[in-house]
Amino acid sequence: MKKLLLIFAIALTAFSCQDEGREDLMNQPETEKVPDSIQTLTGDFIYARDEAILRGSDFIYGVSIDSMSKILAKQVQPFQKEDFDMVAVKVKGKIITNPRQDGWDENIEIREILEILETEKATEQNEEE
């Protein structure tokens, strides 16, 4: 009987110690979520000479001229009927303040080209002709 009582006391002590550890884990403050600085944006893109613009329904950004913006400019070129036609694109980029005083307040550095949305419209127009 004494052995059974001793085993019961040890088990009770072991289980009560585990609950304190769980309470400490459960009472930890939640970490603050930081918004991702790389955003996915859908808008109309135009590249002319040494300037580029990405315009959406509720934003307009200057585009930083780098290798990714030049690649995007070459990819949208077949979908432009004229040099100043805007082409709908979906890109991932980082929004930064414009280091120059002229132009837009914010620029976007394109990090990834997700898709050119004009491809669907262009194939529909080719099928109609």
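Take Ala 48 and look across: its bridge partner in S2 is Glu 51. Strands here are DSSP E runs of at least two residues, helices are H or I runs of at least four, and both are numbered from the N terminus. S1 and S2 run antiparallel and share five bridges; strands count as paired when DSSP finds at least two bridges between them. Two residues sit between the strands of this hairpin, where Arg 49 adopts a positive phi near 55°.

This is a predicted model, so to speak of local features pLDDT of at least 70 is needed, side-chain atom pairs need 80 or more, and totals for chains, interfaces and linings use all residues. Numbering starts from 1 along each chain as its sequence is written, and side-chain values use heavy atoms, with hydrogens and water left out.

## S1 and S4

S1 also goes antiparallel with S4, joined by eight bridges. In that pairing, Gln 39 stands opposite Gly 93 of S4.

Beyond neighbours within four places in sequence, Leu 72 is in contact (heavy atoms within 4.5 Å) with Phe 45, Val 89, Val 91, Ile 110 and Ile 113.

## Gln 80

Gln 80 is in the H2–S4 loop. At 17% relative accessible area, Gln 80 is buried; the cut-offs are under 20% for buried, over 50% for exposed and partly exposed in between, with a 1.4 Å probe and protein chains only. Its side chain reaches the backbone oxygen of Asp 85 at 2.7 Å.

Technical notes. Polar contact = N/O pair within 3.5 Å; in protein donor to acceptor, adjacent residues only side chain to side chain.
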